[in-house]
Amino acid sequence: MPALFRLLRRCLDAMLYSSVWLSGAALGLMWATFLFWRVHIPLRLGGLIFAATLFLYNLDSVLPYKHGQLPGLSGRKQWIRGHRRQLVVLTLLAGTAAAALFLTDTHLLPLTPFLLHLGLISGLYSLPLLKRHGRWRALRDLPLLKVFLIAYVWAGVTVWIPALYLGRELTTPVVGILFLRRFLFILALAFVFDIRDYSKDKATGTRTFPGLFGVMATKLLALAALAGAAWLVPPGAPAGQEGALLVPLLAAGAVIGFAEEKRPDYYFALLTDGVMVLLFLAVWWVTRGQAVGFS
């Protein structure tokens, strides 16, 4: 039994810390958008989002300058440092798959300029741009900006890309309200990771909301963003199913309320990211039987 437990633990660590779980969450959020609009999610587009998320988040983990920073004591950081070669291979495979899926999808090629700006933000988020006080700085190091960058890119990828793929105008209420709801939802969760990184960001001079305003104020901001998301009901949401759609938001509120810097890695990698998977499951439940598959 202990051997089985260790095997399961290693599998869970690999799924969480290699960003496979997070990439599945990104796919789930995009799928939820198609479900709201009663349309099958295109298989190629779903694969692209999964592979691109896997590529970008693991690229952040294997960047050479990151390994010159203090390793820290968290299990997540130790796992990443101990599996760097495997992550490099996974990053290359994911990047190749994402490029192949993009170049062979005729629906996506006209969206290249729009996708490019999201890709640039995602890449520059972690890539070193300039060296200041002996340390490389990326876009995420600009004061208070990183949570908004995360929310914008995730909302853009999981709402705007499906809208453009289907030929919908981004300015229509059915797209705009869902985008804003998704933006506020992701923003609330991004504040949780600012709380997790409080000491690290303080040591590296990155100005974040917890560092400038305190953890409690950050939680209140996150809960306010979550309340805004709850208030914005997307057009076309099934009548009488508001309670089910509130479940992931309530779960996110609980995660925010109990968030502390010293929580185990699983709290952030499994539970916080898992709230996004829960959102997909809630949307799937209220729209079950209506375009839930791949096309």
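Biologist: Why does Phe179 count as buried?

Modeller: This is a predicted model, in which local features need pLDDT of at least 70 and side-chain atom pairs count only at pLDDT 80 or more, while totals for chains, interfaces and linings use all residues. Residues are numbered from 1 along each chain as its sequence is written, and side-chain values use heavy atoms, with hydrogens and water left out. Buried means under 20% relative accessible area, exposed over 50%, and partly exposed in between, with a 1.4 Å probe and protein chains only. Phe179 has 11% relative accessibility and therefore counts as buried.

Biologist: Which residues does Phe179 touch?

Modeller: Contact means heavy atoms within 4.5 Å. Leaving out residues up to four places away in sequence, Phe179 touches Tyr152, Ala155, Gly156, Val159 and Trp160. Phe179 itself lies in helix α8 (residues 173-196); helices (H or I, at least four residues) and strands (E, at least two) are DSSP runs, numbered from the N terminus. Phe179 and Val159 are 20 residues apart in sequence, yet 5.7 Å apart in space, C-alpha to C-alpha.

Biologist: What makes the pair Arg9 and Asp13 a salt bridge?

Modeller: A salt bridge is a side-chain nitrogen of Lys or Arg within 4 Å of a carboxyl oxygen of Asp or Glu. The closest N and O atoms of Arg9 and Asp13 are 3.9 Å apart, and the pair forms a salt bridge. Both residues lie in helix α1 (residues 2-17), 4 residues apart, which is about one turn of the helix. Arg9, with a relative accessible area of 41%, is partly exposed, whereas Asp13, at 15%, is buried.

Biologist: How many salt bridges does the structure hold, and which residues are linked in a network?

Modeller: The structure holds 5 salt bridges. Lys146, Asp194, Arg196 and Asp197 are linked in a network. Within it, the side chains of Lys146 and Asp197 meet at 3.8 Å, N to O. Lys146 lies in helix α7 (residues 146-165) and Asp197 in the loop between α8 and α9 (198-204), so this pair ties together parts that are 51 residues apart in sequence. Asp197 also forms a salt bridge with Arg196, the closest N and O atoms being 2.9 Å apart. Asp197 has 7% relative accessibility and therefore counts as buried; Lys146 is buried too.

Biologist: Why are α11 and α12 called roughly antiparallel?

Modeller: Axes are lines fitted to C-alpha atoms, for helices over the stretch in contact, and angles run from 0 to 180 degrees between N-to-C directions. Angles under 35 degrees count as roughly parallel, over 145 as roughly antiparallel, 65 to 115 as roughly perpendicular, and the rest as oblique. The axes of α11 and helix α12 (residues 242-257) come within 10 Å and cross at roughly 175 degrees. The two helices are therefore roughly antiparallel.

Biologist: What makes α4 roughly perpendicular to α5?

Modeller: Helix α4 (residues 75-82) and helix α5 (residues 84-103) pack at an angle of about 75 degrees, with their axes 5 Å apart. That angle makes α4 roughly perpendicular to α5. The contact is made by Trp79, Ile80, Arg81 and Gly82 of α4 and Arg84, Gln86 and Leu87 of α5.

Biologist: Where in the protein chain is confidence lowest, and where is it highest?

Modeller: pLDDT is the predictor's confidence in each residue, from 0 to 100. The mean is lowest in strand β1 (residues 130-132), at 62, and highest in helix α11 (residues 215-231), at 96. Where pLDDT is low, the predicted coordinates should not be read in detail.
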